[in-house]
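Subject: Structure handover

Hello,

Here is the structure I promised to pass on. Please open it, and read my notes below alongside it.

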Amino acid sequence: MRRARSAAASQRAKARRPGASDSSSARGDSRARRSTNRAGDGSRQPSAKRRSKMSPPRAHKAGCEEPPAAEPAPLPPPPPPPPTPATPASSVSTLDLGEQRERWETFQKRQRLSFEGAAKLLLDTFEYQGLVKHTGGCHCGAVRFEVWASADLHIFDCNCSICKKKQNRHFIVPASRFKLLKGAESLTTYTFNTHKAQHTFCKRCGVQSFYTPRSNPGGFGIAPHCLDEGTVRSVVTEEFNGNEWEKAMKEHKTIKNMSKE
């Protein structure tokens with residue numbers, strides 16, 4: 001009975017072997033087909049999904065192309081940096097005076113002037129050649145001024161109604177040579193008749209140290225008796241017939257130009 005069982009087992013084993021050999025041969029065939037596919041063009045064929053991804057985009061129909069994207073406008077160039085303001089020279093140490101440094105410092109000490117004051121004095125002297133700087137003001141000191149004029153003054157003595165009453169003797173200078181140092185708020189003005197002459201005087205003490213004459217509205221008439229001492233060398237007085245103002249202006253040859261540069 002044991003022999004019969006072993007014979008049946010051996011038959012069953014033989015029956016399994018052909019199937020096993022068939023499956024192994026099937027596996028070998030599939031491997032051979034894969035190797036053949038690979039060896040066909042030397043590279044692996046892409047799958048359907050890959051082919052769909054690698055396929056070129058479809059061409060748009062005529063007239064349906066999307067317009068090309070507009071190029072962005074170029075940005076304007078940045079503004080240039082603001083210029084650096086020049087620093088004015090505030091002391092003599094910023095200037096190269098060379099051999100003149102010692103003379104300059106001595107000049108400042110002698111005149112008791114700052115650097116700016118000494119420069120202004122020299123510039124004024126050069127600009128107003130032949131002229132001197134006079135200073136003056138009213139009686140109480142509220143009004144102070146400076147004026148560049150000759151050391152030899154030509155004075156007009158007018159006999160019009162107002163000049164005669166207040167003894168308004170004056171010399172005439174262009175407005176550019178006159179500078180009010182202080183007291184603008186202390187001045188008041190009186191006018192009459194044509195109102196062209198501006199008779200200014202101090203509200204506190206009543207002194208008229210300068211005014212705007214009718215004969216020269218572009219200048220100033222300065223009262224020589226209101227100047228500080230030390231700058232006037234000589235005085236020449238000319239009478240002017242203000243009672244007949246129009247006639248006197250026509251006959252006079254120089255008074256019209258007294259306020260011109």
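In which helix does W245 lie? W245 is in helix α6. Bear in mind that this is a predicted model.

Let me stay with that tryptophan for a moment. W245 is buried, at a relative accessible area of 19%. The cut-off for buried is under 20%. Setting aside neighbours within four places in sequence, W245 is in contact with R214, S215 and F240. N159 is 86 residues away from W245 in sequence, yet the C-alpha to C-alpha separation in space is 9.6 Å.

Next, the pocket. The largest pocket holds about 390 Å³ of space. Its lining is made up of 26 residues. W245 is one of those nearest the centre, together with C160, F192, R214 and G242. Which of the elements gives the most? That is α5, with three residues. By type, the lining of the largest pocket has 13 nonpolar residues, ten polar and three charged.

Now the cysteines. A disulfide is a covalent bond between the sulfur atoms of two cysteines. How many disulfides does a search of the whole structure find? The search finds zero. Take C160, which also sits among the residues nearest the pocket centre. The closest cysteine sulfur to that of C160 belongs to C163, and it is 3.4 Å away, so it is too far for a bond. The cut-off for a disulfide is 2.5 Å between the sulfurs. C202 is in no disulfide either. For C202, the nearest cysteine sulfur is that of C140, at 3.6 Å. Both residues are buried: C160 has a relative accessible area of 14%, and C202 has 1%.

Last, a histidine. Is H170 buried or exposed? H170 is buried, with a relative accessible area of 5%. Its side chain makes a polar contact of 3.5 Å with the side chain of Y211. Beyond neighbours within four places in sequence, the residues in contact with H170 are H154, I155, F156, Y211, G221, I222 and P224.

That is what I have. Over to you.

Best wishes

Methods: Residues numbered from 1 in each chain as written. Predicted model: local features only at pLDDT ≥ 70, side-chain atom pairs only at ≥ 80, totals over all residues. Heavy atoms only, no water. 1 Å grid on protein atoms, 1.4 Å probe; cavity = no way out; pocket = protein on both sides within 12 Å on 5 of 7 lines; lining within 4 Å. Points joined across faces, edges and corners; volume = space filled by probe spheres on them. Helix = DSSP H or I, 4+ residues; strand = E, 2+ residues; numbered from the N terminus. Nonpolar A, V, L, I, M, F, W, Y, C, P; charged D, E, K, R; others polar. Buried < 20%, exposed > 50% of the residue type's maximum accessible area, 1.4 Å probe, protein only. Contact = heavy atoms within 4.5 Å. Polar contact = N/O pair within 3.5 Å; in protein donor to acceptor, adjacent residues only side chain to side chain.
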